[in-house]
Amino acid sequence: MIGISKLSLGQDEEEAVLRVVRSGQLAMGLETHDVETEFSKRLAGVECIAVSNGTVALTLALAAMGVGPGDEVITTSFSFIGTVEPIIQLGATPVFADVDLASANIGVDGLEALITTRTKVILPVHLYGRPVDLAAIRSIAAKYNISVLEDACQAIGASDANTGEIGSSGTAVFSFYGSKNIACGEGGLVTTDDPQLAERIRLLRSHGSIETYRHALVGYNARMTDLQAAILRVQLESLDRVTAGRRSNAAYYLTSIHNDALVLPPGDDRISASCFHQFTLRLQSAADRDDLQAWANQHDVETRAYYPYALSSHPVIEGLGFGARCDNADALSKVVLSIPVRESLSHDERTHVADVINGWEPACR
Ligand SMILES: Cc1ncc(COP(=O)(O)O)c(C=O)c1O
């Protein structure tokens, strides 16, 4: 089976873990310090705060932005549930914006209409690794004096011609969960060009601690361990190679897959350069998606629906009274299907994937 994601860990990661074990310092030691410095160097010198995972990174950033009960956070209706959990856990209200059908990213046109006096943050997601229209979102936010927090959990290595590599300006959050383009099992990072915000996030990360047993506020335990940081440092060294490999596979699919029964994702344009965390096809119906998934499975190609729900109509979210009508998100949840695009695909594997997709005909035609 040609899998969607495959961890790429080698001798360098093994040696990095051993180095930490032998150092006797398992958390908040030199490795965590160094991984932050190395990310910062890559990302135009912004402040980098390493934390235990992407969900907690969102929680800390929102909390540091002052989000709490009574506040509204505008976010996308189509993402992993980890995007919205932090908003709800902080006692704030998620307000869902519908998405653009072609990119599956938050639609910018409808955003202004959702802003109220209670809106504190706009939280867009660079879904599948494709950057949202950041310049447009930042300009709307600036007009209303609202913060922007980018959920870049899937977008390490992606870039935007107007604002640079994702994470190198503004405030963004990354995940290094096992399925991500670079990974350390569980891990997260907040990046921000606002030093005061960074200071608050650092305090929140470790019990609000200024020094041992002196606490400036009630915080969290959201620290990254040095074991994770050491693995991540090695993985970060491979980021350019990984991104180039994924882009090359995506470019290959964009020119080699020809099947009228499906729509390919947008390629890069003058502004957005995706890191292709996912390469996601759009089918014409839910039945077609099931049929293509079964066909691919029979031919040893793993596929996944990211995501089989819209956040705005997810039963758990609706049950809390936060549901909203977002037609495009609902439609996408029924017809999206991702195929393997990881950099570790061999030439034969990616050719096989394209052949399998080209060879599929919808059963119900
Ligand atoms: C868009 C998005 N947001 C948030 C998260 C949460 O990250 P983590 O799994 O590291 O908590 C993920 C990753 O799983 C994600 O893909």
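Student: How many residues of domain 1 are in contact with residues of domain 2?

Tutor: The model is predicted. In it, 28 residues of domain 1 are in contact with 28 residues of domain 2. The assignment gives domain 1 as 11–99 + 106–237 and domain 2 as 239–358. Their C-alpha centres lie 24 Å apart.

Student: Which elements give two or more residues to the side of domain 1 that touches domain 2?

Tutor: They are strand 3 (93–97) and strand 7 (159–160). Strand 3 has the largest share, 3 residues. By class, that side of domain 1 has 16 nonpolar, 9 polar and 3 charged residues.

Student: How do I read the packing of helix 2 and helix 8?

Tutor: Start with the angle. Angles under 35 degrees count as roughly parallel. Helix 2 (residues 30–42) and helix 8 (residues 226–237) pack at about 30 degrees, and their axes are 8 Å apart. The two helices are therefore roughly parallel to each other. Their crossing is left-handed.

Student: Which residues meet there, in helix 2 and helix 8?

Tutor: From helix 2, E31, T32, D34, V35, E38 and F39 meet D226, A229, A230, L232, R233 and L236 of helix 8. This contact has 6 nonpolar, 1 polar and 5 charged residues.

Student: Is S139 buried or exposed?

Tutor: Count the neighbours. S139 has 11, so S139 is exposed. This residue is found in helix 6 (residues 134–144).

Student: What separates the C-alpha atoms of S139 and L189?

Tutor: The distance is 25 Å, for two residues 50 residues apart along the chain.

How values were computed. Residues numbered from 1 in each chain as written. Predicted model: local features only at pLDDT ≥ 70, side-chain atom pairs only at ≥ 80, totals over all residues. Domains from an automatic or database assignment. Contact = placed C-beta atoms within 7 Å. Helix = DSSP H or I, 4+ residues; strand = E, 2+ residues; numbered from the N terminus. Nonpolar A, V, L, I, M, F, W, Y, C, P; charged D, E, K, R; others polar. Buried ≥ 20, exposed ≤ 12 C-beta atoms within 10 Å, placed from the backbone. Axes fitted to C-alpha atoms, helices over the stretch in contact; angles between N-to-C directions. Parallel < 35°, antiparallel > 145°, perpendicular 65-115°, else oblique. Left-handed = near helix turned anticlockwise from the far one by under 90°.
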